[in-house]
Amino acid sequence: MRLSDGLVAEIDRAASAQGQSRSAWMALSLTRAALIQENDHLPTPARGCEGAADDQIRVTVRLDRSEIEAIGVVGADMGLNRNEWIKRAIRWQLWDSAARLRLAPATAAEIGKLRKQVLAIGRNINQAVHAMNAANQPGSSLAIDRIAEPFVETCQELKSLLFSTRRSLSTYVGGEVEYWTGAHRDVPAVRDASE
């Protein structure tokens with residue numbers, strides 16, 4: 001949208017008086033104008049005129065050089081280019097459900113490692129329980145006490161590993177949420193039950 005310099009100056013004056021940026025003031029003004037009751041009787045355009053929901057539409061945003069450089073730095077730390085970082089920031093603001101969040105590649109990789117650790121723990125437990133069940137069968141030559149004692153010791157080790165994994169997962173996810181919302185600092189830290 002192209003505006004005259006005089007109109008831009010008036011918009012800036014009005015936005016400043018309301019403590020808003022030019023973009024915020026324009027967005028609010030357009031929203032109010034579009035939602036007034038006088039517009040309720042206007043016809044709705046046919047769906048086909050708007051294009052498909054997954055069409056790519058270019059949006060231009062002007063930022064200070066320092067902001068662009070900062071986005072480049074923090075995006076690189078997360079494995080994202082500037083465009084991906086900006087899209088994530090916008091999407092986070094649009095979506096209020098954490099279940100719809102696409103984790104940053106670095107966070108997703110770390111969570112993937114934790115998932116593999118938990119799966120390995122599950123396999124170890126499953127094998128030990130299988131051995132104990134076999135030893136508990138009538139006529140089994142396996143001594144259940146010989147199998148159960150190491151299993152109980154292993155469970156204590158696994159408990160500690162699970163708490164450590166839970167703490168790491170909380171750190172990764174909490175870091176992701178804090179990065180995008182600043183909300184994580186209000187969440188109490190996860191404590192190890194063995195402490």
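**Entry 1: helix α3.** I checked the length of helix α3, residues 65-77, first. At 1.5 Å a residue, its 13 residues should span 18 Å. I found the end C-alpha atoms 19 Å apart, which agrees. I bear in mind that this is a predicted model. Just after α3, I noted that G79 takes a positive phi of about 80°.

**Entry 2: overall layout.** I counted 6 helices and 0 strands in the chain. From the N terminus on, the order of elements reads α-α-α-α-α-α. I then looked at burial: 16% of the 195 residues of the chain count as buried. I also looked at sequence separation in the contacts. Among contacts in the chain with a separation of 6 or more, 47% come from residues 24 or more positions apart.

**Entry 3: salt bridges.** I searched the whole structure and got 3 salt bridges. I took them one by one. Side chains of opposite charge can pair when their charged atoms come close.

R13 pairs with E10, and their closest N and O atoms are 2.7 Å apart. Both sit in helix α1, residues 5-17, 3 residues apart, so about one helical turn separates them. An α-helix has 3.6 residues a turn, so residues three or four places apart point the same way. I looked up accessibility for the pair. R13 counts as exposed because its relative accessibility is 54%, and the cut-off is over 50%. E10 is partly exposed, with a relative accessible area of 40%.

D12 and R22 form another salt bridge, with 2.7 Å from N to O. D12 belongs to helix α1 and R22 to helix α2, residues 22-35, so this pair ties together parts that are 10 residues apart in sequence. D12 is partly exposed at a relative accessible area of 29%. R22 also counts as partly exposed, at 41% relative accessibility.

K113 and E110 complete the list, their side chains meeting at 3.1 Å, N to O. I placed both in helix α5, residues 105-136. They are 3 residues apart there, so about one helical turn lies between them. E110 has 25% relative accessibility and counts as partly exposed.

**Entry 4: α1 against α2.** I wanted the geometry of this helix pair. Two packed helices are described by the angle between their axes and the distance between the axes. For α1 and α2, I read an angle of about 90° and axes 9 Å apart. The two helices are therefore roughly perpendicular to each other. Which residues make the contact? From α1 I listed V8, I11, D12, A14 and A15; from α2, R22, W25 and M26. I sorted the residues of this contact by type and got 6 nonpolar, no polar and 2 charged. D12 and R22 are on the contact list, and their side chains also meet in the salt bridge noted above.

**Entry 5: I121.** Is I121 buried or exposed? I121 counts as buried, at 5% relative accessibility. I121 lies in helix α5. I asked next which residues I121 touches, not counting those up to four places away in sequence. The answer is L158, L161 and L162. I checked L158 further. L158 is 37 residues from I121 along the chain, yet their C-alpha atoms are separated by 6.9 Å.

Note on methods: Residues numbered from 1 in each chain as written. Predicted model: local features only at pLDDT ≥ 70, side-chain atom pairs only at ≥ 80, totals over all residues. Heavy atoms only, no water. Helix = DSSP H or I, 4+ residues; strand = E, 2+ residues; numbered from the N terminus. Expected span 1.5 Å × (residues − 1). Salt bridge = Lys/Arg side-chain N within 4 Å of Asp/Glu carboxyl O. Buried < 20%, exposed > 50% of the residue type's maximum accessible area, 1.4 Å probe, protein only. Axes fitted to C-alpha atoms, helices over the stretch in contact; angles between N-to-C directions. Parallel < 35°, antiparallel > 145°, perpendicular 65-115°, else oblique. Contact = heavy atoms within 4.5 Å. Nonpolar A, V, L, I, M, F, W, Y, C, P; charged D, E, K, R; others polar.
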